[in-house]
Amino acid sequence: MGEMKMTRPPLEKEADVVVIGGGIVGCATAYFLAKRGARVVLIEKNSQLNFEQSSRNNGFVRQQGRHPREIPLMIECNRMWQGLEKELDADLEWIQGGSLRLAETQSELARLETMVRIGRGLGLDVQLLSGREIRSLVPDLGREFPGAMYTRSDGQAEPTKAAPAFARAAERLGAKVYTRSCAEQVIVSNGRVAGVATPATWGRVHGGPRGKRSSSGTRKPSIWRRRTKSRLGWHPAASRR
Ligand SMILES: Cc1cc2nc3c(=O)[nH]c(=O)nc-3n(C[C@H](O)[C@H](O)[C@H](O)COP(=O)(O)OP(=O)(O)OC[C@H]3O[C@@H](n4cnc5c(N)ncnc54)[C@H](O)[C@@H]3O)c2cc1C
């Protein structure tokens, strides 16, 4: 069998922001920055986006039962999720079907009561259900519970779809997304992030978010690259500037 030749488009030479990692955090960050007009490059070490934790969770977009400091963030997050399929022009299998946390014992129920009181104080539509209310909400539960915490507005989405949808929407706004591109080093110069090194690249980001302009007024390249061939097609550049 002949040797497989790996090709890919050359990495972008300029960026305002380099986002490292193509999970939900990186892809959403890339999208919202691109929406604000930033020139964004996202690099992901795996051969595809969303290959790690962001595709391996239960898909809950849950507001209830969180630390009080998280609840206002999750209320806002839930509000954003309600419009996300439209905003990203993607099917995310978003369902706002509520979430239910059952208490097995009276002491668990007491803990849920505290959570409900805190959540309601922060404006969340969380409520405590009695055993009878649980039965009417989920008739085929199969056993009795002393009570439960229930938030009608909680939702869920399909985790395998969320991050890629953000990435595609970011690309439509001009962001450049590269897989098989591992950040090996974040270069700091004079106390500021000055670049990102990958096996294929030696990148530099100049002068903060908008890049530094040269004396001629043109924007300097933010990412400079060097590349050499290796067994897999790429390996660290021997010398860097
Ligand atoms: C719809 C949805 C529902 C969720 N529901 C739940 C839930 O019910 N329960 C729960 O506990 N959590 C849930 N979460 C949260 C989730 O499980 C994790 O907290 C979240 O996915 C972490 O995202 P991340 O982008 O930080 O990490 P990751 O998904 O792990 O992404 C990090 C990425 O960075 C890449 N990377 C790492 N190092 C480098 C490098 N040097 N160079 C380049 N790339 C690199 C990795 O390959 C990876 O792709 C949910 C998330 C979503 C999207």
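Two residues are taken to be in contact if their C-beta atoms, placed from the backbone, lie within 7 Å. The views below show a predicted model, in which local features need pLDDT of at least 70 and side-chain atom pairs count only at pLDDT 80 or more, while totals for chains, interfaces and linings use all residues. Residues are numbered from 1 along each chain as its sequence is written.

**View A. Alanine 170 and its contacts.** Leaving aside neighbours within four places in sequence, alanine 170 is in contact with Cys27, Ala30, Tyr31, Ala34, Val40, Ala175 and Val177.

**View B. Alanine 167 in helix α6.** Alanine 167 is found in helix α6, where helices (H or I, at least four residues) and strands (E, at least two) are DSSP runs numbered from the N terminus. Alanine 167 counts as buried because 25 other C-beta atoms lie within 10 Å, the classes being buried for 20 or more such atoms, exposed for 12 or fewer and partly exposed in between, with C-beta atoms placed from the backbone. Not counting residues up to four places away in sequence, alanine 167 touches Gly22, Cys27, Ala30, Leu42, Leu49 and Val177. The C-alpha atoms of alanine 167 and tyrosine 31 are separated by 6.6 Å, although these residues are 136 apart along the chain.

**View C. The largest nonpolar core.** A nonpolar core is a set of buried Ala, Val, Leu, Ile, Met, Phe, Trp, Tyr and Cys residues joined through C-beta atoms within 7 Å. Of the 34 residues in the largest one, Cys27, Ala30, Val40, Leu42, Phe166, Ala167 and Ala170 touch the most other members. Two or more residues of this core come from each of β1 (17-20), α1, β2 (40-43), α3 (84-88), α6, β8 (176-178) and β10 (192-197). Apart from this core lies another, of 12 residues, among them Ile71, Val126, Leu129 and Met149.

**View D. The shell around the ligand.** Of the 25 residues around the ligand, Gly21, Gly23, Val25, Ser54 and Asn57 come nearest, a residue being near a molecule or strand if its C-beta atom, placed from the backbone, lies within 6 Å of it. At least two residues of the shell are supplied by each of α1 (24-35), β3 (60-61) and α6 (159-172), and α1 gives the most, with three residues.

View E. Isoleucine 187 stands opposite glycine 195 in β10. Two residues lie between the strands of this hairpin, in which asparagine 190 takes a positive phi near 50°.

Conventions
Pairing = 2+ DSSP bridges.
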